[in-house]
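Please read the points below alongside the sequence and the coordinates.

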Amino acid sequence: MKLAINGGKKTIQQEPAELFHWPIVTDEDISAVTDVLRAGTMSGTVITKQFEHEFADWMGMKHALCFCNGTASIMAGMWACGIGAGDEIIAPSMTYWASAAQALTLGATVNFCDIDRRTLCIDPNDIEHRIGPRTKAIVAVHYAGHPSPMDEVMQLARKHGLKVIEDTSHAQGTLYKGRKCGTIGDVGVMSMMAGKSFAIGEAGMLITNDREIYERAVLFGHYERTGAASRFNASDNQLTDPALQHFAGIPIGAMKGRVNQTCTAMGRVQLKHYPARIQEIQDSMNYFWSCLDGVPGIKPHRPDYWENSTMGGWYYPQGLYYAEELGKITSEVFSNAVNAEGVHQCFPGGNSPLHIHPYFHDSDFFHMGKPTAIAFGQRDVRQGAGTLPVAESIHEITVAVPWFKHLDKKEIELYANAFRKVAEGADQLR
Ligand SMILES: *Cc1c(COP(=O)(O)O)cnc(C)c1O
């Protein structure tokens, strides 16, 4: 069949926008939000605390603490894990900047490691040789909804006395061998901004079973929860540690982390429906991939090799791309041809690798006349291009695929047909 990019007939004539729309917002969300607006309680915390309780219950965790965004929750989690000036953390290079960049603001540095070609998550074989005397934590990012290899990460962390921070921004509801991502390490942190699979506007969440981490995270960003009353919130001391109470009333990070209750009111509604909605996403994405079974060049990014493991809400779904099976046509040529068939969501996948970004090399946040990455006596673990080959090849080894929200088999088949047609007609692209 002649490919559309070469003048053939397009596989998809009209994109069904409803199939991709997210988040799903109903009158229930709208009235929850407008109730907050009418009551004028945007800066209150009563609804936020209800949301925290419900979220902790759903995750099966003792503590949940909401933040104004994921970035803030991750920074609080890092500080709560004891990361400070002169320390190092290990994080995968393939992630959004907010999985790691806050370490510099704390005076620490990031020793980036590579990712695994199948999981696109931290490569457990590229961790141990990076551990030094000042290494404090490993950040595991459940990338694009895929669980990280937590058994290996936890084993290394326990062996070397490191904390594990799970960035679960892409993976609320993802299962790793039957356990929810975010609940396995010392602390789970995550974004809930409007583009994520758990999408409630601008919000973040920290979950932990460790009372000390919880209290330190409270102290970091939630001054009202350390004893000081405000116009919107009564005095409400959640600290039991006397050493922390010493600073009550002023967040020790000097960064206010309180979330707008319009978001957490929406969060309570979204949470009720989330398990069913991500189940439908899983059914839809799995159906899409089943239609592409045996097609050369593209395979699901999915933990088929682990029992009882899922892709959660399947945020930013990726296909693993194998150019060598398609006569070496690049992911860019492939995705342009797929899009010409009427798909609009196909492009070389992933994020930009962080280890080569100038921020981690040259930024001088503290005005010390030298890069923050080495300003506090850290080892110089900065790495240039060519050091983390898998992360650096991400655009060549992945293509973004459509993120279906509804199990509309007829439509999904059309999309799969577009991918199949291009893969099977790849010789027309050479
Ligand atoms: C979105 C995202 C964040 C940051 O969250 P915000 O809510 O945007 O601050 C952190 N880590 C990852 C992996 C993300 O995708």
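The points that follow are grouped by topic.

The model is predicted. A search of the whole structure finds one cavity of 30 Å³ or more, and the largest pocket holds about 280 Å³ of space.

- The largest cavity has a volume of about 40 Å³.
- Its lining is formed by Val110, Phe112, His355, Phe360, His361, Val381, Arg382 and Gln383.
- Two elements, strand 3 (109-113) and helix 10 (359-362), each contribute at least two residues to the lining of the largest cavity.
- By class, the lining of the largest cavity comprises four nonpolar residues, three polar residues and one charged residue.

**Largest pocket**

- The space in the largest pocket amounts to about 280 Å³.
- The largest pocket has 20 lining residues, and those nearest its centre are Tyr96, Ala98, Ser191, Met193 and Lys196.
- Helix 3 (residues 70-80) provides the largest share of the lining of the largest pocket, with three residues.
- The lining of the largest pocket divides into eight nonpolar, nine polar and three charged residues.

**Second largest pocket**

- About 170 Å³ of space is found in the second largest pocket.
- Of the 18 residues that line the second largest pocket, Gly44, Thr45, Lys49, Glu224 and Asn233 lie nearest its centre.
- Helix 2 gives the largest share of the lining of the second largest pocket, namely three residues.
- The classes in the lining of the second largest pocket are six nonpolar, six polar and six charged.

- An α-helix has 3.6 residues a turn, so residues three or four places apart point the same way.
- After helix 1 comes glycine 40, which has a positive phi near 70°.

**Backbone geometry**

- Most residues other than glycine have a negative phi, and most peptide bonds are trans.
- Lysine 177, a residue other than glycine, has a positive phi near 45°. Lysine 177 is placed in the loop between strand 6 (175-176) and strand 7 (179-180). Its relative accessibility is 37%, so lysine 177 counts as partly exposed.
- Lysine 328 is also a residue other than glycine with a positive phi, here near 70°. The position of lysine 328 is in the loop between strand 11 (318-321) and helix 9 (331-340). Lysine 328 counts as exposed because its relative accessible area is 67%, where the cut-off for exposed is over 50%.

Note on methods: Residues numbered from 1 in each chain as written. Predicted model: local features only at pLDDT ≥ 70, side-chain atom pairs only at ≥ 80, totals over all residues. Heavy atoms only, no water. 1 Å grid on protein atoms, 1.4 Å probe; cavity = no way out; pocket = protein on both sides within 12 Å on 5 of 7 lines; lining within 4 Å. Points joined across faces, edges and corners; volume = space filled by probe spheres on them. Helix = DSSP H or I, 4+ residues; strand = E, 2+ residues; numbered from the N terminus. Nonpolar A, V, L, I, M, F, W, Y, C, P; charged D, E, K, R; others polar. Buried < 20%, exposed > 50% of the residue type's maximum accessible area, 1.4 Å probe, protein only.
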